[in-house]
Amino acid sequence: VIDIRRYLHLFLGGVFLAYCFGPAANSRLVRAFSVALPILALYYLAAFLTIPLMYPQGLVYSDLATCAICAALVLGVTVAPESRVGKLLGTPLFVWLGEVSFGIYLLHRIVQWVIARVDFLEETGVLRIAFTIAATLIAAHLANVFVEKPARDIVRRWGNKANSNWRGGRAAERGFS
């Protein structure tokens, strides 16, 4: 079972910082993050790879340094999108990974469960990891194409309809247009 309370603070911390500093980023902040982003990205990668060796991997989301780095990465990419890391994250591959990230988050455990029942893959190993990553990406892409995008389109249409009714209908009657 996935407990969103374990992960929400990572996302909200970065969003909060980006909201506070993003639109008002001054040139010194942009220059600082242009230098800091590669360091932050390397730290996060190192933490992702080493923390499971130090304590249970689920606790990575409770590690204060890692949480601060995640928030700083979101802030840094927001205020310095023209930095090398910002440009890298803006490439089609990373944009696509961002598009399917929710599907990856939701479906990876299901894919792991299914693959655990495949007899020809060994218990651990590179082949199993590669197969799991590929299957998760395919499942997330299909979920994005057939569920997420259509759902977003429906929500946008509802929102556009509500906005047009507000602007052209009742709002005009009340003098708000």
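This is a predicted model: local features need pLDDT of at least 70, side-chain atom pairs count only at pLDDT 80 or more; totals for chains, interfaces and linings use all residues.

Residues are numbered from 1 along each chain as its sequence is written, and side-chain values use heavy atoms, with hydrogens and water left out.

**Exercise 1. Describe the elements of the protein chain.**

Step 1: Find the helices and strands, which are DSSP runs numbered from the N terminus (helices: H or I, at least four residues; strands: E, at least two). The protein chain has six helices and zero strands.

Step 2: Read the order. From the N terminus on, it is α-α-α-α-α-α.

Step 3: Look at burial, where buried means under 20% relative accessible area, exposed over 50%, and partly exposed in between (1.4 Å probe, protein chains only). Of the 177 residues in the protein chain, 22% are buried.

**Exercise 2. Work out whether helix α5 is straight or bent.**

Step 1: Compare spans. Helix α5 covers residues 92–116, 25 residues, and a straight helix would reach 36 Å at 1.5 Å a residue. The expected span is 1.5 Å times one less than the number of residues. The end C-alpha atoms of α5 are only 31 Å apart.

Step 2: Locate the bend, which is the angle between axes fitted to the seven residues ending at a residue and the seven starting there. α5 bends by about 50° at Val-100.

Step 3: Check burial. Val-100 is one of the buried residues of α5, along with Gly-103, Val-111 and Ile-115.

**Exercise 3. List the salt bridges and look for a network.**

Step 1: Use the cut-off: a side-chain nitrogen of Lys or Arg within 4 Å of a carboxyl oxygen of Asp or Glu. The count comes to three salt bridges.

Step 2: Take Arg-152. Its side chain meets that of Glu-99 at 3.3 Å, N to O; this pair links helix α6 with helix α5, 53 residues apart. Arg-152 also meets Glu-148 (3.9 Å, N to O), and these two lie four residues apart in helix α6, about one turn of the helix.

Step 3: Join the pairs. Glu-99, Glu-148 and Arg-152 are linked in a network of salt bridges.

Step 4: Asp-153 and Arg-156 meet at 3.8 Å, N to O; they are separated by about one helical turn because they are three residues apart in helix α6.

**Exercise 4. Is Ser-83 buried or exposed, and how far is Ser-83 from Arg-31 in space?**

Step 1: Compare its area with the cut-off. Ser-83 has a relative accessible area of 5%, so it is buried.

Step 2: Compare sequence and space. Ser-83 and Arg-31 are 52 residues apart in sequence and 8.5 Å apart in space, C-alpha to C-alpha.
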